[in-house]
Amino acid sequence: MRFCENGLTFDADVVKRSATTPVLVDFWAEWCGPCHALAPVLEAAVAAREGAVELVKVDVDANPALSQQFSVSGIPAVKAFRDGRVV
């Protein structure tokens, strides 16, 4: 699991990485109770796939531009990326 710090790392951690491995992006916030409830479920699902899928977490409060770019209007929001785009 990786934490995306900003749009620059998002490009490397998600867009470029998804060319070879599907990437699941969890848009979340520290104050969001449902986000904390969903996190272990996502982490277990990714771990069960033994590297076939990666998980990246994006804090919507720290990354409002990314949230807007991917039309995140409520959290938790999970989007899957393959070949550089949402699928």
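Q: How many Å apart are the mean positions of the positive and negative charges of the protein?
A: The model is a predicted one. The protein has 8 positive and 11 negative charges, and their mean positions lie 9 Å apart.

Q: What is a disulfide, and how many does a search of the whole structure find?
A: A disulfide is a covalent bond that joins the sulfur atoms of two cysteines. Here the search of the whole structure turns up 1. The partners are C32 and C35, with 2.4 Å between their sulfur atoms. A pair counts as a disulfide if the sulfur atoms are within 2.5 Å, so C32 and C35 qualify.

Q: Why is the disulfide of C32 and C35 called right-handed?
A: The torsion about the S-S bond is about 80°, so the disulfide of C32 and C35 is right-handed.

Q: Are C32 and C35 buried or exposed?
A: Buried means under 20% relative accessible area. Both C32 and C35 are buried. Across the protein, buried residues amount to 36% of the 87 residues.

Q: In what order do the elements of the protein run from the N terminus?
A: The protein contains 3 helices and 5 strands. Starting at the N terminus, the order is β-α-β-α-β-α-β-β.

Q: What does the radius of gyration of the protein agree with?
A: A compact globule of 87 residues would have a radius of gyration near 12 Å, and the protein has 12 Å, so the two agree. Along the principal axes, the C-alpha atoms fill a box of roughly 30 × 25 × 20 Å.

Q: What share of the contacts with a separation of 6 or more comes from residues 24 or more positions apart?
A: In this protein such residues account for 74% of those contacts.

Methods: Residues numbered from 1 in each chain as written. Predicted model: local features only at pLDDT ≥ 70, side-chain atom pairs only at ≥ 80, totals over all residues. Heavy atoms only, no water. Buried < 20%, exposed > 50% of the residue type's maximum accessible area, 1.4 Å probe, protein only. Helix = DSSP H or I, 4+ residues; strand = E, 2+ residues; numbered from the N terminus. Rg over C-alpha atoms; globule rule 2.2 N^0.38 Å. Contact = heavy atoms within 4.5 Å. Lys, Arg positive; Asp, Glu negative; His and termini not counted. Charge placed at Lys NZ, Arg CZ, Asp CG, Glu CD.
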